[in-house]
Amino acid sequence: MTNPSDRDRRFMARHPVVFRNIDFDPQRSLMVWGLNVGDGWLPPLDQLVRDLAVVIQRDGLHDFEIAQVKEKLGELRVYVRGANDQALALIDAAEARSIEICAVCSQHGQRRSEAWVWTLCDRCHAEARP
């Protein structure tokens, strides 16, 4: 079984309201892989989970659970269970904003499609090229 990195465990520990129901059983949750995003997306992800914590506590979403956090086609993806419409709207907005944030350094970025699709700023894109 794979365990989340120390970076990911520290991030989740800072947000116990949102990550309280994390299940590291690979039969039940993909969080066993941790946060499959670059360091550049941690600040916007941090803002998202702080906003989600407010909704979870205010609306009593006791069954709220993050099932997976990852990058897909250059965009942040956050999959959840037990969310209400406001929580889903917060997630949708964060995912939409992610295509303008460099996944490596958090600067303004854009989707780059070569061998794979990433959202990168000009500097990180230049450094990633062979």
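# Figure legends: overall fold and close-up views

**Figure 1. Overall view of the protein.** The protein contains four helices and five strands; helices (H or I, at least four residues) and strands (E, at least two) are DSSP runs, numbered from the N terminus. This is a predicted model, in which local features need pLDDT of at least 70 and side-chain atom pairs count only at pLDDT 80 or more, while totals for chains, interfaces and linings use all residues. Residues are numbered from 1 along each chain as its sequence is written, and side-chain values use heavy atoms, with hydrogens and water left out. From the N terminus on, the order of elements is α-β-α-β-β-α-β-β-α. Along the principal axes, the C-alpha atoms fill a box of roughly 45 × 35 × 20 Å. The radius of gyration is 15 Å, which agrees with the value near 14 Å that a compact globule of 130 residues would have; this radius is taken over C-alpha atoms, and the globule rule is 2.2 Å times the number of residues to the power 0.38. Of the 130 residues, 42% count as buried, where buried means under 20% relative accessible area, exposed over 50%, and partly exposed in between (1.4 Å probe, protein chains only).

Figure 2. Side chains of opposite charge can pair when their charged atoms come close. A salt bridge is a side-chain nitrogen of Lys or Arg within 4 Å of a carboxyl oxygen of Asp or Glu, and a search of the whole structure finds nine of these pairs. In one of them, the side chains of Asp 39 and Arg 7 meet at 2.6 Å, N to O. Asp 39 lies in the loop between β1 (35-36) and α2 (42-59) and Arg 7 in helix α1 (residues 6-13), so this pair ties together parts that are 32 residues apart in sequence. Asp 39 is partly exposed, at 48% relative accessibility.

Figure 3. The side chains of Glu 127 and Arg 123 form a salt bridge (3.4 Å, N to O). Both residues belong to helix α4 (residues 122-128), where they are four residues apart and therefore separated by about one helical turn. Glu 127 is exposed, at 58% relative accessibility, whereas Arg 123 is partly exposed, with a relative accessible area of 47%. Elsewhere, salt bridges that share partners join Arg 7, Asp 8 and Asp 39 into one network.

**Figure 4. Salt bridge between Asp 59 and Arg 58.** The side chains of these two residues meet at 2.8 Å, N to O. Asp 59 has a relative accessible area of 34% and is partly exposed.

Figure 5. His 15 is placed in the loop between α1 and β1. This residue is buried, with a relative accessible area of 8%. Leaving aside neighbours within four places in sequence, His 15 is in contact (heavy atoms within 4.5 Å) with Asp 46, Val 49 and Arg 50.

**Figure 6. Ser 113 and Leu 73.** Ser 113 is located in strand β4 (residues 110-113). At 59% relative accessibility, Ser 113 counts as exposed. Ser 113 and Leu 73 are 40 residues apart in sequence, and their C-alpha atoms are 8.7 Å apart in space.
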